[in-house]
Amino acid sequence: METDCPKRPPSKVRFPERAVPAGPRRRQRVTPPRVRWADRTARTLITLGGLGTIAAVLLVGLFLVWVVWPLFQPERLAPAARAAIPFFGAPLQTIVDERSTMFAVVFGDGRIEAYRADTGERVATEQLFEGGSNGERLSAWTFSPRHGTFACARDDGQLCMGRIGFATSFVPPKQVPRDVRLKLDAAGSGASGLRPDRVRPAPRKPPSEACAVFRSGILQKTPEGQYRLQQLQVEQQAPLRRKGQAPVVLLDQAESARGRVLAYLTADGRLHVARTVERKNLLTARITVRLREGSCPVTLPRGQLPEYLLLSGLGDTVYVVWSDGRLQRFDTSQPQRPVRAGTTDLIEEPSVRVTTVVFLAGRTSLAVGDSLGRVRIWFPAKTGQRDAADGAVLLCGHQLWASRAAVRRLAASTRSRLLAAAYADGAVRIFQVTTERELASVSLPRSERAVNTLMLSPRDDHLFALTNRELFAWRIDAPHPEISVRALLGRVWYEGYPEPEHVWQSSSGTDDFEPKYGLMPLIFGTLKATFYSLLFGAPLALLAAVYTSEFLTPRTKAIVKPTIEMMASLPSVVLGFLAALVLAPVVEEVLPELLLAFATVPFAYLFLAKASQIGCRELSAGIGRHLQRLRSAGALKRWADWFIPLRSTALRERWHTAGMILALPLGLSLAVWLGPRVERWLFAGDIMAWLDRQTGSGLGAWFLLLMPLSVLMVAIGFHLWLRPALRPVAASWSRQAFALLDLAIFLVVCAVTVGLASCLATGLTALGWDPRGTVVGTYVQRNALIVGFVMGFAIIPIIYTVAEDALSAVPASLRAASLAAGATPWQTAARVVVPTAMSGLFSSLMIGLGRAVGETMIVLMAAGNTPLMDWNIFNGFRTLSANIAVELPEAVKDSTHYRVLFLAALTLFALTFVVNTVAEVIRLRFRKRAFQL
Amino acid sequence: MSLQTTSVDSPSLSPAKDSPADQPHGAVLGGPGPQCEARQEADDAVPLSARAEIHEKVRNEPCILEIESFSLWYGPKQALFNVTMPIPEGKVTALIGPSGCGKSTLIRCINRMNDLIDSVRTEGDIRLRGNSILAPDVDVIQLRKRMGMVFQKPNPFPMSIFENVVYPLRIDGERNRRVLSEVCERSLRDAALWEEVKDRLKESGLRLSGGQQQRLCIARAIAGQPEVLLLDEPCSALDPIATAKIEDLIHQLRGEYTIVIVTHNMQQASRVSDYTAFMYLGRLVEYGPTEEIFTRPRLSETEAYITGRFG
Ligand SMILES: Nc1ncnc2c1ncn2[C@@H]1O[C@H](COP(=O)(O)OP(=O)(O)OP(=O)(O)O)[C@@H](O)[C@H]1O
Ligand SMILES: [Mg+2]
């Protein structure tokens, strides 16, 4: 602020110089440099502080965006290797190792060979049935990558089980030949192999660059400088004895809680389900495996054997699929007695064939590829309709249709919902099933279109395709494939759900769990908490503010206001704790009484207010006169003034205070007295069972819901019609008589209100509507009602303080003008003060809203934290803030979950930001209208 | 013209300090600040006599309001000393006096606006048509409905001009649009504002200029058709033209309403009022017909004030 006086332009008009007494009184007025300096410093500091604040807020926002950003980055398939392979045709199985350095191939003759993943060089060979290998071939084969176990059937009918895996060992550097060591060292230890980086599983270089073949395995140098050797490992158990001799055509296995389950189809069209029972001989320590099996016939359409047989993850369902799309489902929860559970047509079109069927991770959803290029995801869900034996039906939850070329091969990830598909035209695509997103696609060269085998590496970081002659490898750059805007905000059809829904379920006990990152339930929970707490807190706080600012004497106000503000000093964790551990159990006990208290307490207040009109004025005037006489006579000391107010208005205020203090217990005891009666009348004697829809009708619920409406209607009716009619009466009657009449009218109005509500409720119930399950419904101990109370308690002081300040800031001259015009204090408040202070009242509400939106501890402790989307006031919910508090500590840094939690934080930030901005805009508009004073 | 002096004896209800005679003024109103200085000067210049000089002509008028030995304290500080003052019906009574002498305080007591101030204590009585307005069982709301008040500072409500004017009717529950707009027009015409605002009745009253706002407040005050109109320096914010309009208005309203007007403008007082009361330091000094006060004041203090020697 440059205080240098601008030179005043020489004015034409000459003002007469003020007669200044000559001499020492005249002073040169200059701003001392110290003041200027202080001024400038203060200005700089304030500017810096302001900019700093803005920068801090922006930084927080930017940080959130920065963490969230990778969620929405596009996925990529980057070519990693291409090599010739020394075998031809489709093998039975390929198995990639953890680090994508090698893969094992199982051939139909029982040979198992390991190849380098980057060069296709053969590393090792093993042979199944080594003892009696006389030209038998495998007639059926199954392998479960999660457990590394296989089961196979030979064409001589024998069943065999075993294990194929990759053993990791560390080789002492001395044992590593020099040339190999040099080669590995040259590749650089930092770049060697795959880095065990969980976040970005994709290595910078093509896989296994720093690999060497050593001892029939692959040697790598780890970043720590160790030499890690991976070797193929095959274990095989003795052949199993099984019932019957018909050759096995199809075979699948699953790992149930009670052991391994095998399902196989024999050429005679019978489905066999067997549980393996291991027995350990205590003397020889030998383990013998026996099968405990059952079987049932499969209806063979036109005598054709099915092409696919799949056994679900728990071993309780067998799917048998024909290539024309026919699917038969068998319930095998009791392996000894498989039961047909239903049939489904996977394909409607007659000419379209099923080309491949695989399980997604978790072995619950079937991915079915067909000759039209579609991949459909089917899973069983309980829809409630009881047409199937186990109450479940197979639903087509997703369809991935990216191409017109037939699907040739599908490969499902073992740990996520990734699904790779190879098409007949040589395209290879990778999908995220839950969100139905095509993440990336590549095309194979024209000469090598026919993909025989497609495999996803165990860590989902590489995709391999084997054609007749070549091997292709791609690196998958998809750190957060589950996330898309639709998955976050839209309804998503999750596995096992009968329809698309908004669900938040970020983790679960099992690894193959489908994470559900629907933010909607959390946003909903936040809004629900805010809504109910404002519903409870805002009217109380605003009315209290109006009452304090307009009706209390300054002296009383000086006590009341700080007292209410003191409520804000209660830490929210204490409030939450009280809510969860004290209030919730109590409310559960006295719910009908509590609901009644909402009606009886205001009733008691109004009743006492009306009743005190009778005689109060005269009485207080009389007492006042008497006291005044005492006071003038000097009989009362000054300090008695506060207790014994002399002015009759102040005395009346005491009366009102006393009335209010009395009204609360009166209302409450009325509620307690009425509670059981009302419970019997409306809620069939047990409100919990009634809310749960076990007993009673919708009458009570309608009554509850219509009561406020009825109050509103009666109040409006009263003001519009009855009041004008009463006005002439009021003029002619004496005050006492009118007060009596008023009381009588009040009682009648209350009765009418109740009557109206019950009439409407009866009518609506008679129509057969029952609102239970919407705004009221099954009672959960920690629910929105509790949160509404306690969070209402938390926001009352905030709203109250700001609102009271806003009301007090209304110029006294306006109040005086209104009162001088003959308005009652209430009219003044309602017609002048409140409209004038509207912007302030509004911002008080918004501040309360902001607090409610961001509040964490109370909802965390008292809301039950169930991410449901249910307006039911008696049900729990989970807010964005509570969700962050609960889950962030256990989220792995930089994982999808972690970033989604940051997204929730960003959403919260945006929510409050939008609320505040809108509030500010509206507030300014109000202010422009009202505050041109 | 009788030169008879009427003295009002004060029944000593209050302690002795109420008696103005034995109270050094500096001690009563003593406080730092320029006003204090001014008073001190005034004290030197104009000695106060103990009793108010009330001209006989005033006492002969039928009066609507009687202020009887009225004293008022703001907390420990006394602002009005034993004021006795009848206010004639249907006439314009002007209150003049230097700043801070209690004119506003007195006029606010007439419709009990001082009730709003918590620390106020009063003694004595004010009667409206013979009934005490200070009695405990008086319905203050009803009392105020019988009076219209215009304050020193314009204070229109943040509502439309129309709503501002009809506010007294609104709070009485009047909903008939026709009645409302009739009253609105009549009041605005009376307040000499109609021509200026008739096309923008829906606009906010706060958009008006200060002078217009003051006339709006006057319109609001007369919309309720009160018996008494209390004007506390209604023209202090107005230019000469608006002032002239309001003075015209007062002339028009004379007879219909009893008007009490506080003013610092001697010319205005002499132009508009029938009676003038001169107050000084919380006391009524001289009260009589306007032309007498202005032409032949009986007390030297009054003369000193009117001729502008102080104040
Ligand atoms: N609310 C109040 N609380 C305490 N003292 C007050 C209050 N209002 C006025 N006073 C005091 O009472 C005395 C009379 O004030 P009042 O407003 O009546 O003066 P006035 O004659 O209207 O002056 P002016 O011509 O400047 O408006 C003053 O000394 C003032 O300080
Ligand atoms: Mg004044």
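Guide: Among chain A contacts between residues at least 6 apart in sequence, 65% link residues at least 24 apart. Keep in mind that this is a predicted model. The chain runs to 933 residues, and 41% of them count as buried. Its secondary structure comes to 19 helices and 32 strands.

Now for the helix pairs. Start with α4(A), residues 520-551, and α16(A), residues 838-854: they pack at an angle of about 140°, and their axes sit 9 Å apart. Angles over 145 degrees would count as roughly antiparallel, so with about 140° this pair, α4(A) and α16(A), is classed as oblique. The crossing of α4(A) past α16(A) is right-handed. On the α4(A) side, the contact is made by T526(A), A529(A), T530(A), S533(A), L534(A), G537(A), A538(A) and L542(A). Facing them from α16(A) are L841(A), L845(A), G848(A), L849(A), A852(A) and V853(A). Sort the residues of this α4(A)–α16(A) contact by class and you get nine nonpolar, five polar and no charged.

Then look at α14(A), residues 812-820, and α15(A), residues 825-836. Here the packing angle is about 160°, with the axes 10 Å apart, and α14(A) and α15(A) are therefore roughly antiparallel. The crossing of α14(A) and α15(A) is right-handed. From α14(A) come L814(A), R815(A), S818(A) and L819(A), which meet T828(A), V832(A), V833(A) and T836(A) of α15(A). By class, the contact of α14(A) with α15(A) holds four nonpolar residues, three polar and one charged.

Chain A also touches a partner, chain B. That contact draws 31 residues from chain A and 24 from chain B. On the chain B side, α5 (140-145) and α6 (161-171) each supply at least two of the residues that touch chain A. By class, that side of chain B has 12 nonpolar, five polar and seven charged residues.

While you're over at chain B, have a look at ligand 1. Its shell includes S99(B), G100(B), C101(B), G102(B), K103(B), S104(B) and T105(B), along with Y74(B), K77(B) and Q152(B) among others. Both β3 (77-88) and α4 (103-110) of chain B supply at least two residues of that shell, and α4(B) gives the most, with three. The shell around ligand 1 divides into four nonpolar, six polar and two charged residues.

How values were computed
Residues numbered from 1 in each chain as written. Chains lettered and ligands numbered in written order. Predicted model: local features only at pLDDT ≥ 70, side-chain atom pairs only at ≥ 80, totals over all residues. Axes fitted to C-alpha atoms, helices over the stretch in contact; angles between N-to-C directions. Helix = DSSP H or I, 4+ residues; strand = E, 2+ residues; numbered from the N terminus. Parallel < 35°, antiparallel > 145°, perpendicular 65-115°, else oblique. Left-handed = near helix turned anticlockwise from the far one by under 90°. Contact = placed C-beta atoms within 7 Å. Nonpolar A, V, L, I, M, F, W, Y, C, P; charged D, E, K, R; others polar. Buried ≥ 20, exposed ≤ 12 C-beta atoms within 10 Å, placed from the backbone. Near = placed C-beta within 6 Å.
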